[in-house]
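Dear colleague,

Please find the structure below, together with its sequence. A description of the findings follows it.

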Amino acid sequence: MDRLSLYAKGSMKKVTIKDFKKTMSKFTTGITVVCVKDGTKVYGKTVNSFNSLSLKPPLVLFSLGNNSSSIKIFKKSKYLSINILSNKQKSLSDHFSKKFQKNTEVNFLEGINNILNIKGCVANLECKLEDKIKKGDHTIFICKVIKTKYNDKLKPLSYYNSKYY
Ligand SMILES: Cc1cc2nc3c(=O)[nH]c(=O)nc-3n(C[C@H](O)[C@H](O)[C@H](O)COP(=O)(O)O)c2cc1C
């Protein structure tokens with residue numbers, strides 16, 4: 001019996017973390033890396049919870065786990081970049097999903113307000129952090145987009161069913 005027929009029979013089985021993760025994995029997303037510069041150090045996190053929020057003003061959001069090794073750095077940041085990866089940048093997604101990476105080998109391009117953009121992306125968004133909302137085990141970061149860059153010739157990296165495409 002599949003899940004749908006289970007629910008159709010009125011069974012209110014609790015949604016387990018495993019079920020929730022598996023269900024959400026059926027939603028195809030792109031992959032972004034959010035980056036902040038703190039002093040001379042660059043912090044980056046692979047994030048697929050990215051979405052647009054508002055047109056007027058241009059706002060986007062993403063969420064970070066409250067237990068992330070870099071949550072404090074992101075929370076205190078003023079400016080950050082959101083880098084939408086191309087299908088040639090899977091290695092960057094792997095790199096920035098690791099804890100305590102060394103980012104010296106990553107090619108960055110400096111933007112306004114000390115923002116560092118990753119080179120070779122489908123798009124880069126330079127953002128000002130506007131708001132943080134703690135909800136559940138994650139914090140939602142709401143950012144105002146102050147500058148954008150995109151490349152029509154590149155194809156995005158996609159993520160579906162826990163696999164890259
Ligand atoms: C495809 C993919 C998407 C991810 N999306 C998110 C996300 O939206 N939010 C988040 O907090 N972590 C996300 N992660 C996990 C982080 O990249 C990272 O692995 C996690 O925060 C643990 O490392 P940390 O403690 O150094 O932050 C994602 C990982 C992968 C591989």
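The notes below cover the sheet, its strand pairings and the ligand shell.

The model is predicted: local features need pLDDT of at least 70, side-chain atom pairs count only at pLDDT 80 or more, and totals for chains, interfaces and linings use all residues. Residues are numbered from 1 along each chain as its sequence is written.

Seven strands form an open sheet in the order E3-E2-E6-E9-E10-E5-E4, with antiparallel pairing. E3 and E4 are the edge strands, each pairing on one side only. From one strand to the next, the twist averages 35 degrees. Strands (E, at least two residues) are DSSP runs numbered from the N terminus, and two of them pair if DSSP finds at least two bridges between them. Axes are lines fitted to C-alpha atoms, and angles run from 0 to 180 degrees between N-to-C directions.

E5 pairs with E4 (residues 51-54) in the antiparallel sense over three bridges. These two strands form a hairpin with four residues between them, and Leu59 in E5 is the bridge partner of Ser54. E5 is also joined to E10 (residues 138-150), antiparallel, by seven bridges. There, Ile140 is the bridge partner of Ser63, and Cys143 that of Val60.

The ligand is surrounded by 17 residues (C-beta atom, placed from the backbone, within 6 Å). The closest are Thr46, Ser49, Ser68, Ser69 and Ser97. Strands E3 (41-47) and E5 (59-65) are the elements that give two or more residues to this shell; the largest share, four residues, comes from E5.

Yours sincerely
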